[in-house]
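Dear colleague,

Please find below the structure for your review. My notes on it follow directly after.

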Amino acid sequence: MTTGTPPPNRPRRSRARTLLPLGVAAWLVLEIWLLTVVADAANGFTVLLILVAGAVLGGAVIKRAGRRAFRNLTETLQQMPGQPGASAAPAAAPSGSKGNGFLMLGGLLLMIPGVISDAAGLLLLLPPVRSVLGGYAERSLERRMRAATPGGLSDAFQQARIHRPDGRVVQGEVIREDGTTARPRPDDGQDRPPLTP
C-alpha cells in the first residue's frame with residue numbers, strides 16, 4: 001500500500017566523497033609499486049632503512065612541532081589581558097606560531113611508509129612551501145567564511161552559545177529606565193500572562 005507521498009530526495013553525493021576513496025586506493029597501489037621498484041634497484045635492506053629513517057625523522061618533527069605549539073600557546077595565554085604582568089595592548093602572535101600544522105602534517109607523512117608520502121613530508125619541512133600553503137589555506141578559509149550561508153556551521157556555534165544548554169526559554173519583560181515597558185515583538189505570544197512579583 002502506498003501513501004501517495006513522493007519518495008524523499010536523497011542529497012547528491014559530493015564529488016570529493018566519490019573521488020577520495022579512489023584517490024587513496026590509487027595512492028596505496030602507487031606506493032607499493034614504488035617500494036618494489038626501489039627494492040629491485042637496491043635491495044630489501046635499503047627499503048627497510050628508508051622506512052625506518054622516515055618514521056624516526058617524522059616522529060622527531062612531530063615532537064618538535066608539538067613542543068613549539070605548546071610553547072606558543074603558553075606564551076599567548078600569559079600575554080592575555082587580565083593576567084599578571086600582561087600589557088594592556090593586544091598581544092602579537094608569537095614568533096614561529098605559523099606553520100605548526102603543516103610541520104606536523106609533514107612529520108606524519110614521513111611516518112607513513114612509502115616513497116611518495118616521504119617526498120611530500122620532506123617538502124612540507126621546507127619553510128617556503130609551508131608559507132605558500134599557509135597563505136593559500138588562509139585565503140581559502142576566508143573565502144568560505146564569506147560565502148557561508150545562514151544556517152551553516154557558524155550559526156550553529158552562535159546558537160549553541162546563546163541558548164541555554166537545557167533548551168528552556170526564560171520568559172521576562174524589559175523595563176526601560178524611564179519606567180515604561182517595551183512593546184512586545186510580533187513573534188512573542190500574546191497569550192502569555194504577565195509576570196508578577
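In helix H3, the buried residues are Asn100, Leu103, Gly106, Gly107, Leu109 and Leu110. Please bear in mind that this is a predicted model. The cover over these buried residues of H3 includes helix H2 (44-78), helix H4 (115-124) and helix H5 (127-146). H3 itself spans residues 100-111, 12 residues in total. From its first C-alpha to its last, H3 reaches 17 Å, close to the 16 Å expected at 1.5 Å a residue.

Helix H4 also packs against helix H1 (residues 15-41): the axes of H1 and H4 come within 7 Å and cross at roughly 100°. Since angles of 65 to 115 degrees count as roughly perpendicular, H1 and H4 are therefore roughly perpendicular to each other. On the H1 side, the contact involves Trp27, Leu30, Glu31, Leu34, Leu35 and Val38, which meet Val115, Ile116 and Ser117 of H4. By class, this contact of H1 with H4 comprises seven nonpolar residues, one polar and one charged.

Ile116 and Leu28 are 88 residues apart in sequence, yet their C-alpha atoms are 9.7 Å apart in space.

Yours sincerely

Terms used. Residues are numbered from 1 along each chain as its sequence is written. This is a predicted model: local features need pLDDT of at least 70, side-chain atom pairs count only at pLDDT 80 or more; totals for chains, interfaces and linings use all residues. Side-chain values use heavy atoms; hydrogens and water are left out. Helices (H or I, at least four residues) and strands (E, at least two) are DSSP runs, numbered from the N terminus. The expected span of a helix is 1.5 Å times one less than its number of residues. Buried means under 20% relative accessible area, exposed over 50%, partly exposed in between (1.4 Å probe, protein chains only). Contact means heavy atoms within 4.5 Å. Axes are lines fitted to C-alpha atoms, for helices over the stretch in contact, and angles run from 0 to 180 degrees between N-to-C directions. Angles under 35 degrees count as roughly parallel, over 145 as roughly antiparallel, 65 to 115 as roughly perpendicular and the rest as oblique. Ala, Val, Leu, Ile, Met, Phe, Trp, Tyr, Cys and Pro count as nonpolar, Asp, Glu, Lys and Arg as charged, and the others, Gly among them, as polar.
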